[in-house]
Amino acid sequence: MSNALYITTPIYYVNAEPHLGHAYTTIVCDVFARFGRLTGKDVRFQTGTDEHGQKIMQAAEKENITPKEFADKISGKFQATWPNLAITNDQFIRTTNPEHVKVVQDVLQKVYDRGDIYLAKYGGQYCVGCERFLTEHEIVDGKCPDHGTEPTWIEEENYFFKMSKYQDALRDHIQNKPDFIRPERYKNEVLSFLSEPLEDLCISRPKSRLSWGIELPFDDRFVTYVWFDALINYVTGLGGMEGALMPRYWEATQHFIAKDILKPHGIYWPTMLMAAGLPLYDHLNVHGYWNIGESKMSKTLGNVVAALDLAKVYGMDAFRYFLMREMSFGLDASFSEDLLVKRYNSDLANDLGNLFSRALSMLHRYRNGVVPAFLPSRQDHLDTRFMVQMAAQKYLDGMAELSFHKALAAVWELVSEGNKYVVKNQPWELAKDEAKARDLDDVMYNLVQILASVVVMISPVMPQVADKMTAQLGMEPLKPGMFTGLESIFDLVGEGVQTKKPEPLFPRVDTAEVKAKAAKKDAEAKDKAKKKKAKKQVVVPEGMISIDQFTQMKLKLGKILEAEPVPKTDKLMKMKIDLGEDEPRQIIGGFAEHYTPEDMVGQQVVVVANLMPAKLRGLASNGMVLACVSDDRVRIINPMEEMAPGSIIR
């Protein structure tokens, strides 16, 4: 099996500056890359920025600069942020780089030459925020559910990728490789997408509408769709389809993404690779959202946490530790400064910081800071070695399955056992009895080894703290491949090594001060939201309704399947109407004086589909059929041509 490991973040769209969401994904990748190097893997780690598309062009126009100038500015902020979070990427891709443009055009040409790209006229609802056409099923109350904006109807000629051609092959691959997409819930979500027929993917935009993109190599009137451009960055990073690094790394690819871009990475990307004749990546690893309060973190909602603000306050390593310990990979997690401070004071200051300070202080007090000799055959030493190795095995298992919080929990169990070991053996008592000097030597030696093992295991998450502890313990500098098995995790500091006096690793934080600051910030945010809402309120003239009020009413097209008069009434008619739902609806309407049942069956009608259910003459009515009324005439409303039941009316 190959020893290679190719780790990628999504390339971040330059419509927003680096924030907590970007930081988390990038830190996860960095931790996994550092862990890979530590355990002897041949690691390549890539991140970058996605810089084309309509949103970038519009943002640049607002600032009265060119799209390239705008992209340079935001991309530069990403590149400046990652070193401050100790990110060790080997490559930073920009989709505006000439080498990437060439790879995208090479892939497009290859897929086109194979007959999997065709020109067609298409009309659809286009969301600028998503930078794609939305299907009817994706639109909720006339708006894009992700951006809360009404899409625009666009009808134009474009190029399409035959994505549907690869639907069965992709489904088979996912079922034959159950961990292709992980955690499992996201694999099931992709399979759910694939249970319905895939549409072909529109992969171009006419230059008359959008010029900021990569030109199609086979038609210079068009640029390519931003997702088709962006996803190919993973191949660009290895030199292109025939790049020198492709054989070494590609089939060991680990993509890391947030769940909001599952569909492009889980469906668009593998089908594109199939069409280009390239092998699929090894795994797609999907994490959840960070929630701020009760809401998903969102630039639109104004609750984005800047990536470096808290790292500067509490230290970069503490920030990294909190993110990795607090979120169970794949699930959503809550973020607050208060939670971060609790983790900081409890796990870092009280547990690890306290053990490190106590152990080294006692070593200097009783043995002048020199690591004593030990007897490897003594039971206490064997028990301590076994304890460390069991913790290390849990750690290795957790890291390998992306359960980073479990891996860190295993390390902190070891830290807890180290603190218990001090209490149990009471070195301060052993130091009073010269006859117990041998016991004291063993205890101090074992404590140093526990700390050294902890240093190795926390180093992917907290590299600066690990380096600081390494220097104070007198350890050899950490290096790639030093943790290749359980035997390599103990006896890391030799006897006779001179340690340094401990310096505080994690100064305590005033929790009350943090809570007060958080409460003030929360009050300010609520006041701002209240003012914003008040500002947005529209005064509706008497006798009029607002567009928001109108969109609360759901109008759908239905087809009458059955109709019969309601007994003992002159006006009411009972109808069974198909609204494209699992079962027809029963609706009672006042049509019996104007239509016979035979007239009604087969007619298409407009139905108020979200009207509260009612009972008329003891019969349930689930909706209302709309009609035109003039004097004593009543006529149902029909479309000019037949359309599918359930079609939205707006």
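In this predicted model, 29 aromatic pairs turn up, where rings of Phe, Tyr and Trp (its six-membered ring) pair if their centres lie within 6.5 Å, with planes under 30 degrees apart called stacked, over 60 edge-to-face and the rest tilted. One of them joins Phe161 and Phe228: their ring centres are 6.2 Å apart and the planes meet at 75°, so this pair is edge-to-face. Phe161 belongs to strand β7 (residues 152-161) and Phe228 to helix α7 (residues 226-231), so the pair ties together parts that are 67 residues apart in sequence. Helices (H or I, at least four residues) and strands (E, at least two) are DSSP runs, numbered from the N terminus. Both Phe161 and Phe228 are buried, a word used for under 20% relative accessible area, with exposed meaning over 50% and partly exposed in between (1.4 Å probe, protein chains only).

Ring pairs also link Tyr6, Tyr234, Tyr249, Trp250 and Trp269 into a cluster. Two charged side chains sit over rings, meaning that NZ of Lys or CZ of Arg is within 6 Å of the ring centre and within 35 degrees of the ring normal:

| Charged residue | Ring | Distance to ring centre |
|---|---|---|
| Lys263 | Phe193 | 5.3 Å |
| Arg365 | Tyr366 | 5.6 Å |

Now for the interior. A nonpolar core is a set of buried Ala, Val, Leu, Ile, Met, Phe, Trp, Tyr and Cys residues joined through side-chain atoms within 4.5 Å. The largest has 169 residues, and those with the most contacts inside it are Leu85, Trp269, Phe319, Ile458 and Met462. Helix α17 (residues 437-458) gives the most to this core, with 14 residues. Beyond its neighbours within four places in sequence, Met462 is in contact (heavy atoms within 4.5 Å) with Asp317, Tyr321, Leu348, Leu352, Trp412 and Phe506. A second, separate core has 15 residues, including Met575, Phe591, Val605 and Val625.

Helix α18 (residues 463-473) has as its buried residues Pro463, Val465, Ala466, Met469, Thr470, Gln472 and Leu473. These pack against α1 (20-38), α12 (316-326), α13 (337-367) and α17. Just after α18, Gly474 adopts a positive phi of about 75°.

Leaving out residues up to four places away in sequence, His52 touches Tyr13, Thr95, Thr96, Trp212, Gly213, Ile214, Val226 and Asp229.

For the whole chain, there are 21 helices and 27 strands, and buried residues make up 50% of the 650 residues. Of the contacts with a separation of 6 or more, 74% are between residues 24 or more positions apart. The C-alpha atoms fill a box of roughly 115 × 60 × 50 Å along the principal axes.

The average pLDDT (the predictor's confidence in each residue, from 0 to 100) is 91, and 93% of the residues score at least 70. Over residues 297-303 the pLDDT is below 50, although this stretch has 19 contacts in the model beyond near neighbours in sequence. Where pLDDT is low, the predicted coordinates should not be read in detail.

Residues are numbered from 1 along each chain as its sequence is written, and side-chain values use heavy atoms, leaving out hydrogens and water. Local features need pLDDT of at least 70 and side-chain atom pairs count only at pLDDT 80 or more, while totals for chains, interfaces and linings use all residues.
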